[in-house]
Amino acid sequence: MKRWGVLIGFLVVALLLTAGIYMAGRDPGFTRAIPSPLIGKPAPAFALPDLLVAGNTVSPADYLGKVWLLNVWGSWCPECWKEHGYLATLSREHGVLIVGLNWRDEREDALNMLRRAGNPYAAIAVDPHSNAAVDWGVYGAPESFVVDKQGVIRRKFVGAISPQVWATDLGPLLKQLAAEN
Amino acid sequence: MRWTLLLSLLLSAGVWAVAEVREFDSPEQEDRYRELTEELRCTVCQNQNIADSNAELAGDLRDKTYRMVREGKSKGEIKDFMVARYGNFVLYDPPVTAGTLLLWVGPFLFLVFGGWLLLRLLRRRRDRTAVTVDEAQLRRAAALLRGDEDPKA
């Protein structure tokens, strides 16, 4: 009788562990996602050089009145390559305003990636020394922040944006934010 | 030999810490920097503080900490800065809030639960092993202990 108790206890623990591993494997953000304290706070300001237009600076203030996405990326980041094509589709076909934060990258490598995988970005801020990245609480790439018309961060997404994530999560949120004034 | 090897391995853990040359205005500043980098957690390698971690992000956070220390910022100011961006998660010693309460109380709950389990187990075992011994059995046991032949055999 007591043996059964031990066996059932063991099975319960084994089941929990398996469920944990399964969930962690399914969602790349699961193990790393730390809730951001910046949600509901104004997007931290920066003024960084534009990767594509010499002499230009990119700043979150430029996008006040618009709903936009800050996408943190680098050519060294495999998950960024994975989402890059879909981001390009989003900006081209769905009119999503995506601003890039090119993080810890080499200029040539970054440009090369854009040539090969397309350019989803309206502008790209260059942040080789993590000045803006630390201010935004970035701890990995890719990470994407949804900023509303008031310039307030409404959502942070860690990991590659997939069509599924867009359809169920980010897409509806952007639609809802676009309807706010 | 084996022990000295093991010991030297254990003691060399400090060698893993990242060597960086930093200049400070005062020993007090250096202390503040050292304490902060030991108390701030590396968010990508979650079981290390930023002093021990080789991750690039940890390097960024060390740089930021260093710059703020040189600017004369206090420990509290620098910690607040980090928490505002990365949340309480960056602190190895998170404050007790509704969200971290389980973290603080959890081990004690486990202790109480484990103690209760142990008590129950011991009590059950005692009940089961409570055996009555009569006089004849005791005499036989004493005889066996003295080394006599088993009177029953």
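Modeller: Start with helix H2 (residues 27-39) of chain B and H3(B): they pack at an angle of about 150 degrees, with their axes 10 Å apart. Axes are lines fitted to C-alpha atoms, for helices over the stretch in contact, and angles run from 0 to 180 degrees between N-to-C directions. The model is predicted, so local features need pLDDT of at least 70 and side-chain atom pairs count only at pLDDT 80 or more, while totals for chains, interfaces and linings use all residues. Residues are numbered from 1 along each chain as its sequence is written, and chains are lettered from A and ligands numbered from 1 in the order in which they are written. Helices (H or I, at least four residues) and strands (E, at least two) are DSSP runs, numbered from the N terminus.

H2(B) and H3(B) are therefore roughly antiparallel. Angles over 145 degrees count as roughly antiparallel, under 35 as roughly parallel, 65 to 115 as roughly perpendicular and the rest as oblique. The crossing of H2(B) and H3(B) is right-handed. That term applies if the near helix is turned clockwise from the far one by less than a right angle; anticlockwise is left-handed.

Now the residues. H2(B) brings Gln29(B), Arg32(B), Tyr33(B), Leu36(B) and Thr37(B). They meet Arg62(B), Thr65(B), Tyr66(B), Val69(B) and Arg70(B) of H3(B). Contact means that C-beta atoms, placed from the backbone, lie within 7 Å. By type, the residues of this contact are four nonpolar, three polar and three charged. Ala, Val, Leu, Ile, Met, Phe, Trp, Tyr, Cys and Pro count as nonpolar, Asp, Glu, Lys and Arg as charged, and the others, Gly among them, as polar.

H3(B) also faces chain A. Here 13 residues of chain B are in contact with twelve residues of chain A. Helix H3 (56-70) and helix H4 (75-86) of chain B are the elements that give two or more residues to this side of chain B. H3(B) gives the largest share, five residues. The side of chain B that touches chain A divides into seven nonpolar, two polar and four charged residues.

Chain B is divided into domain 1 (17-90) and domain 2 (101-146). These bounds come from an automatic or database domain assignment. Over C-alpha atoms, the centres of the two domains are 51 Å apart.

Next, the partner chain. Chain A has five helices and seven strands. Its C-alpha trace spans about 80 × 40 × 30 Å along the principal axes. Five of its strands form an open, mixed sheet in the order E5-E4-E3-E6-E7. Two strands pair if DSSP finds at least two bridges between them. Strand E5 (123-127) and E7 of chain A are at the edges with a single partner strand each, so one side of each has no neighbour in the sheet. From one strand to the next, the twist averages 20 degrees.

At one end of that order, strand E6 (residues 143-147) and strand E7 (residues 153-158) of chain A pair antiparallel over five bridges. Val147(A) has Ile153(A) as its bridge partner, and Glu143(A) stands opposite Val158(A). E6(A) and E7(A) form a hairpin with five residues between them, and Gly151(A) in the turn has a positive phi of about 80 degrees. Helix H5 (residues 163-179) of chain A lies across both strands, at about 165 degrees to E7(A).

Two backbone details remain in chain A. A cis peptide bond joins Ala141(A) and Pro142(A), with omega about -5 degrees. Pro142(A) lies in the loop between helix H4 (131-135) and E6 of chain A. Arg104(A) is not a glycine, yet has a positive phi of about 50 degrees. Arg104(A) sits in the loop between strand E4 (98-103) and helix H3 (107-117) of chain A.

Note on methods: Contact = placed C-beta atoms within 7 Å.
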